[in-house]
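Thanks, everyone; I would like to walk through a few local details of this model, strand by strand and then helix by helix. Please keep the structure open while I talk.

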Amino acid sequence: MSRPVTAILSLVAVTTCSASAQVPDFHVNDRGYFERGGVNVMAFQDIYPDGHQAGVSVIQHAVRLATNGDVRLETTPGQWSAMPRQLDRVVDAESGTISTTLAYPDPSRNRTGFNPIEYPDLAFTYTVTVTAEGDAVRVRVDLEKPLPEDWIGRVGFNMELFPGAFFGHAWYLGGISGIFPMQPNGPSRAGAPGIAQPVALAEPVAMASGPVLSVAPDTDDRRMTIESLRGDIHLVDGRIQHNNGWFVVRTLVPPGADAGAVEWLIRPHAIPGWMYAPVIQVSQVGYHPDQPKVAIIEMDDRDDAAAVAVLERINEAGGLDRILEAETREWGAFLRYRYRTFDFSEVRDSGLYVVTLGDRKSTPFRIDEGVYDRNVWQPTLEYFLPVQMCHMRVEEQYRVWHGACHLDDARLAPADVNHFDGYVQGPELLTSRLPGQAVPGLAVGGWHDAGDDDLRIESQADEVYVLATAFEEFGVDHDETTVDQDRRLVRIHRPDGIPDILQQVEHGVLSILGGYRGLGRLYRGVIVPTLKQYVMLGDVANSTDNLFHDPDLEPGERTATHSAPPDDRWVFTESHPGHEYKGIAALAVAARVLAEYDARLSDECLQAARELWARERDPSRSLDERLVAATELFLTTRDETYRAAILDLREHVLSHVGSTAWALGRALPALEDGDFETAVRSAVATHFSQVTEAQAENPYGV
């Protein structure tokens with residue numbers, strides 16, 4: 001290490017030690033994680049490595065800066081990378097130690113489960129022990145036995161640094177200095193195929209290597225050092241391989257190592273006297289004059305000072321008029337923070353307001369009778385749903401959100417395959433179509449799942465149900481969008497004289513009915529066949545080539561209509577009463593609201609709902625969903641068949657009123673069964689008292 005860098009790291013250490021005299025040492029608190037002033041270190045309390053929440057994590061001055069501290073088989077793991085199974089976790093507050101035992105592989109995810117992972121032929125058990133040592137925590141990895149020789153140089157202890165917290169900040173490692181970049185930059189080198197990635201990806205070249213990493217020495221609130229007591233630390237930019245990657249700090253397990261294979265000292269800087277500044281939480285929507293108005297004040301759990309809050313009205317000249325001043329009320333502790341409340345329900349005058357607490361101020365909010373008239377639920381219809389529409393080109397003035405996509409939907413998935421994202425095709429295809437055969441009628445309608453572009457039956461059905469009942473209950477005639485199904489064109493902020501909500505209901509049932517026509521049953525869902533397509537960002541129109549392919553072509557053959565191997569999405573089938581009842585309920589309510597808009601489509605919805613209801617199913621499964629489906633069919637038809645089906649579920653309704661009465665309520669009077677209605681209303685009253693009790697368990701009343 002060069003002398004200047006050594007001097008700088010020594011200065012960092014001196015500064016930290018000086019601060020440590022004023023800040024208590026790390027200890028294990030009553031919540032089961034390490035605490036030192038405004039710094040916390042968690043050890044294997046949350047297990048969501050895909051979301052960068054797992055393993056050893058550092059929360060420094062209320063910001064999660066480092067996480068996923070664990071043994072990994074890749075330098076920059078991604079979503080489908082192998083991850084361990086947690087066997088046990090022991091917290092010993094007296095000795096200041098948290099010890100966690102883990103193992104590879106995880107049988108619950110090895111080629112099975114919701115997102116199956118292909119684990120390599122490698123099995124080992126290890127323990128990660130985190131111990132409080134003054135102003136640092138010691139992280140030690142003990143292997144049950146040394147790794148096989150061919151895995152040396154491939155297994156290491158990783159920790160990930162959140163890029164957004166460090167952009168523009170400095171680092172030192174191994175005599176090299178740098179600035180954390182906003183975008184991933186080279187150099188990188190050609191890599192080998194990964195464990196779950198058949199295509200070789202570029203491997204990032206380490207930004208630097210050495211025994212001590214100084215992170216953000218230029219700022220007090222994010223500064224920390226990580227010292228490796230055995231082997232070098234490598235700093236790598238994980239975003240080169242994965243767009244959602246973080247900066248990775250990694251030390252490799254050395255040959256022949258077992259006890260103490262990796263050992264780090266992590267020393268996050270704690271600002272003396274630092275306290276989490278109160279956050280004043282108010283409704284982003286605003287408040288109607290008649291509703292309760294309570295601001296929630298989130299505070300450091302060490303902050304027990306009573307506080308006076310002030311409600312001020314923002315006047316047109318830019319000044320503040322004091323309206324109400326009162327001492328806030330103590331609510332108590334919840335998770336990491338303590339809470340106080342400020343009730344200003346008595347204020348009813350329209351206007352713009354802020355709540356202040358000392359030098360802290362809330363965001364502006366409105367009190368007004370028209371607070372729900374704009375910018376509340378409307379953007380869901382104006383932006384979210386149009387942008388999520390599959391099989392359509394979506395425009396907004398100068399912008400194209402995405403082109404007409406997935407026009408080659410869809411091929412029947414192969415039998416007996418556990419795909420990913422929860423898509424499993426059983427040994428039976430449950431349709432007369434053949435594996436790989438194009439299923440007609442699916443290149444229309446539907447909304448992309450948020451974050452990717454698959455179409456799940458429960459998502460489509462639930463959205464149709466919500467939109468259709470909203471239209472029915474409230475007469476929503478909001479029109480800001482042009483939807484042209486014939487031209488596959490959507491134009492945001494171009495009213496076309498038709499309520500948007502009806503056009504969205506139509507779009508949803510077109511997908512549901514398309515599957516029913518093409519398969520003779522409801523689909524489980526439609527999803528891309530490869531992970532490369534699944535993780536693709538950008539315009540979803542590029543997920544496939546939008547061309548139908550001839551399944552009889554031999555690999556490598558070409559025709560005038562296409563020149564690439566089939567990339568069409570797969571459609572899956574399933575036998576799932578709950579999902580089928582959701583589809584029936586959606587079609588039944590859609591039949592009512594579409595009757596005047598499109599009588600032919602309305603009739604087809606009702607016919608399909610009736611036919612699907614008539615199919616035999618296990619009578620003991622999915623009773624909540626069966627009740628909802630029977631209720632909507634009864635409201636649409638007043639048919640005695642569905643009335644009887646509702647009354648047959650009498651005992652289930654009364655014992656599960658919290659999950660059934662919301663749907664049944666509208667049909668109760670039409671059932672003409674006074675005893676049942678009385679019993680339901682009594683059960684609802686009892687349930688509501690339980691809800692009221694549950695609302696008191698957190699400061700938000702939810």
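This is a predicted model: local features need pLDDT of at least 70, side-chain atom pairs count only at pLDDT 80 or more; totals for chains, interfaces and linings use all residues.

Residues are numbered from 1 along each chain as its sequence is written, and side-chain values use heavy atoms, with hydrogens and water left out. Helices (H or I, at least four residues) and strands (E, at least two) are DSSP runs, numbered from the N terminus, and two strands pair if DSSP finds at least two bridges between them.

With that in place, strand β4, residues 56-60, pairs with β3 in the antiparallel sense over 5 bridges. β3 also pairs in the antiparallel sense with strand β2, residues 34-36, over 3 bridges, and there R36 has V39 of β3 as its bridge partner. The hairpin of β2 and β3 has 2 residues between the strands, and G37 in this hairpin takes a positive phi near 60 degrees.

How many residues of β3 are buried? Taking buried as under 20% relative accessible area, exposed as over 50% and partly exposed as in between, with a 1.4 Å probe and protein chains only, 5 of the 5 residues of β3 (residues 39-43) are buried, so the strand is largely enclosed by the rest of the structure. In a regular strand the side chains alternate between the two faces of the sheet. In β3 both faces are covered, with V39, V41 and A43 buried on one side and N40 and M42 buried on the other.

Next, the backbone. The peptide bond from Y104 to P105 is cis, with omega near -5 degrees, and P105 lies in the loop between β7 (97-104) and β8 (124-133). A cis peptide bond also joins G186 and P187, with omega about 10 degrees, and P187 is in the loop between β12 (176-179) and β13 (188-190). R488, which is not glycine, has a positive phi near 50 degrees; R488 sits in the loop between β36 (481-484) and β37 (489-492) and is partly exposed, at a relative accessible area of 27%. H493, again not glycine, has a positive phi near 60 degrees, is found in the loop between β37 and α5, and is partly exposed, at 25% relative accessible area.

Finally, the helices. The axes of α5 (residues 500-519) and α8 (residues 599-613) come within 11 Å and cross at roughly 50 degrees, where axes are lines fitted to C-alpha atoms, for helices over the stretch in contact, and angles run from 0 to 180 degrees between N-to-C directions. α5 and α8 are therefore oblique to each other, given that angles under 35 degrees count as roughly parallel, over 145 as roughly antiparallel, 65 to 115 as roughly perpendicular and the rest as oblique. The contact, meaning heavy atoms within 4.5 Å, is made by E506, V509, L510, L513, Y516 and R517 of α5 and by L601, E604, C605, A608, E611 and L612 of α8.
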